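Please consult the sequence and the structure shown below while reading.

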Amino acid sequence: MKLSIVTPAYDVAPFVGDAIRSARAQLHPGWEMILVDDGSRDGTARAAERAAEGDPRIRILRQANAGVSAARNAGIAAAQGDALLFLDADDWLAPDTLARLDSALERAPGAVAAYGPWAAVAETARPGDAPLRAKSRPFPTGDILARLLVRNLLANGGHLLVRRAAFEAVGGFAPAIRYGEDWECWIRLALQGPFARVKGSAPLLYVRERGGSAYRRMARDAAAFAPAMQAIWGNPTLAARLGPRRFARLKARAEAENAWVVGKELIRHGAQAEGLSRLRQAFAAAPGPKRAGLLAAAHLLPLLPGRLHGPFRRYPA
């Protein structure tokens, strides 16, 4: 099966070479890469051209800045593969990523997509550096819709291989959604059919934790979640699939999960009181023993050494 790596790129000149070189290092023989420079101002396209020099499998497109979803959609339109992977231009792939994902789809002919483990790396990391942490679960198989509705199970599209026919059936990414646009798209994909998981626990993708990332900028703002949530829960196909009672229950769980994320991120940005208020709101809506322990720990942060702050550790100034 021919695979297409679609990569949107905006002002990532220091990092895009690692993404391209990781594509060129793939063990899978049948791939292409479509990199869409989304109006970069820092020489991203030139850096990409240097890294791709001499490799006809890599095409670089340019467009005026229109956002990540529009850039991905442009790349999809130019792609020729039977399956699609959406690699962000500041991340990189393990050499066996495409081979493992393709194998997972071959083993599950009814699956619309395959995915698996990933790892987080520091902003200044390079391939070969030790990751900050690895994420080897949960990556459930089969019908993942309900779990995906409550929280986004993916770091991004770089550890997900999607059958092109299934992706075309969902209609691509929604350019009007600026945060959570990938989550909303994965949910539409999960409505199409089951997901498969790769074998093994080794990371497929290395995700660079950048200070200027959309998550770090926007996840502390409850309003940032609204467009994606409106698109997800306003989808009539979803309402018909779930029925009114399950629809309401899962929507409430998703809202509680979002509130927890907002609270955690507020604390990480130094807004302790507001963050604790959000965490308490989330816990009241969806209580559980793990969250009870984390909520208690969040209230004790001023008394704990920084190494014990866990998911509430402050971002660097």
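## Surroundings of T44

A polar atom of the T44 side chain lies 2.8 Å from the backbone nitrogen of V12. The structure discussed here is a predicted model. The side chain of T44 also takes part in a polar contact of 2.6 Å with the side chain of D42.

T44 belongs to helix α2, which covers residues 44-52. Is this residue buried or exposed? T44 counts as buried because its relative accessibility is 0%, and the cut-off for buried is under 20%. When residues up to four places away in sequence are left out, T44 touches A9, Y10, D11, V12, A13, V16 and D37.

## V68 in helix α3

V68 is found in helix α3, formed by residues 68-78. With a relative accessibility of 33%, V68 counts as partly exposed, since that class lies between the limits of 20% and 50%. Leaving out residues up to four places away in sequence, V68 touches P8, D38 and E181.

L300 stands 232 residues from V68 along the chain, and the C-alpha atoms of the two are separated by 39 Å.

## A four-stranded open sheet

Four strands form an open sheet in the order β5-β11-β7-β8, and their pairing is mixed. The edges are taken by β5 (92-93) and β8 (133-135), each of which pairs on one side only.

In general, strands of a sheet pair through backbone hydrogen bonds, in either a parallel or an antiparallel manner. Strands β5 and β11 run antiparallel and are joined by two bridges, with β11 comprising residues 205-209. Within this pair, L93 stands opposite L205 of β11.

## The second largest pocket

The second largest pocket has a volume of about 180 Å³. Its lining consists of 13 residues, and those nearest its centre are A222, F225, M229, E255 and N258. By type, the lining residues comprise seven nonpolar, three polar and three charged.

Which helices each supply at least two residues of this lining? They are α9 (226-233), α11 (244-268) and α12 (272-285). Helix α11 gives the most, contributing five residues to the lining of the second largest pocket.

Terms used: Residues are numbered from 1 along each chain as its sequence is written. This is a predicted model: local features need pLDDT of at least 70, side-chain atom pairs count only at pLDDT 80 or more; totals for chains, interfaces and linings use all residues. Side-chain values use heavy atoms; hydrogens and water are left out. On a 1 Å grid over the protein atoms alone, a cavity is a set of points where a 1.4 Å probe fits but cannot get out, and a pocket is an open set with protein on both sides within 12 Å along at least five of seven lines; lining residues have an atom within 4 Å of a point. Grid points are joined across faces, edges and corners, and a volume is the space filled by probe spheres set on the points. Ala, Val, Leu, Ile, Met, Phe, Trp, Tyr, Cys and Pro count as nonpolar, Asp, Glu, Lys and Arg as charged, and the others, Gly among them, as polar. Two strands pair if DSSP finds at least two bridges between them. Buried means under 20% relative accessible area, exposed over 50%, partly exposed in between (1.4 Å probe, protein chains only). A polar contact is a pair of N or O atoms within 3.5 Å; within protein, one must be able to donate a hydrogen and the other to accept it, and residues adjacent in sequence count only if both atoms are side-chain atoms. Contact means heavy atoms within 4.5 Å.
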